[in-house]
Amino acid sequence: MSDTVSGGDPGTGLVDLSGLRVFVGGPIQYALGHNSFHQPLRETLQTIVTAVAEAGATVFSAHVVEKFGLETPLYSPEDVSARDLEWMRRCDVFVPVLPTDADGGLMRTDGTHIELGWASALGRPIVMVTALPVPAAASHLLRGLPSVADVGHVDLAELRRGGPGELLLRLGKVGRDAVVTP
C-alpha cells in the first residue's frame, strides 16, 4: 500500500507545488462515530488532499491510508507512531486540520497535537487549518505555538466556503523556502 498521494499535472492549477511534500493531519479516532467518519471533516480533508496533490505535491495522509478510519484497526499504535514520525521527517510542510466540536472548542485529536510538537521540534513550517480566531478554549501551547515555531493559519470556515485557494497560495509561499532535501 502506498503511503502517499501524488499530484496530477503540475502548474495546471492555481499554484504549482511540484516537489513539495505535505503532511496533512487531523482527528481520526475522535472523528469516528457509529461506524462512520465525521462527514464535514472528511469532506474538508478530501478537498485539501485532492487540491494539494493536483497542484503537484506529494501528500502524506493517515486519513487516506487508513480509509478514514475503516482500516485504522489494521495498524498497531507502534506502526502509526513510526509511520507518522517518518512522514514528519520527510515532509516540507505540516498541515494540521483542527475542526471545532459542537461546543465551539477544538475536536479532540491527541495524535495531531503530538505531530505539532514533532513539526515544531524538527523546524517544519506549519499551516494550521482551524477556526479563526483560534478558539480561546484551545491550550496555551497551541495558541502560543507561533511564538516558537513557523506557524501560519487558514480559516477553516473560509476554506469550506471558498475552497482551498488560500491554503495552496500559503503552501506555495512557505513550501519553496522549506523544501527538505532527503
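How do β6 and strand β7 (residues 151–155) pair, and over how many bridges? They pair in the parallel sense, over 5 bridges. Two strands count as paired if DSSP finds at least two bridges between them. Strands here are DSSP runs of E with at least two residues, helices are runs of H or I with at least four, and both are numbered from the N terminus.

Before I continue, a word on the source. This is a predicted model, in which local features need pLDDT of at least 70 and side-chain atom pairs count only at pLDDT 80 or more, while totals for chains, interfaces and linings use all residues. Residues are numbered from 1 along each chain as its sequence is written, and side-chain values use heavy atoms, with hydrogens and water left out.

Let us stay with strand β6, residues 126–130. Of its 5 residues, 5 are buried, where buried means under 20% relative accessible area, exposed means over 50%, and partly exposed lies in between, for a 1.4 Å probe and protein chains only. Ile126, Met128 and Thr130 point one way from β6, whereas Val127 and Val129 point the other way. Val127 has Gly152 in β7 as its bridge partner.

β6 also pairs with strand β5 (residues 93–98), again in the parallel sense, over 3 bridges. Here Ile126 of β6 stands opposite Phe94. Together, β5, α4 and β6 make a right-handed β-α-β unit. Right-handed means that, with the strands pointing away from the viewer, the path from the first strand over the helix to the second runs clockwise.

Phe94 leads us to the aromatic residues. Rings of Phe, Tyr and Trp (its six-membered ring) pair if their centres lie within 6.5 Å; planes under 30 degrees apart are stacked, over 60 edge-to-face, and the rest tilted. The count comes to 4 aromatic pairs. One of them joins Phe23 and Phe94 edge-to-face, at 5.1 Å centre to centre and 65° between the planes. Because Phe23 lies in strand β1 and Phe94 in strand β5, this pair ties together parts that are 71 residues apart in sequence. Both residues are buried. Phe23 and Phe94 also belong to one aromatic cluster with Phe60 and Trp87.

Which residues form another edge-to-face pair, at 5.3 Å centre to centre and 75° between the planes? They are Phe37 and Phe68. Phe37 is in strand β3 (residues 36–37) and Phe68 in the loop between α2 and α3, 31 residues apart. Phe37 counts as buried because its relative accessibility is 6%, and Phe68 is buried at 7%.
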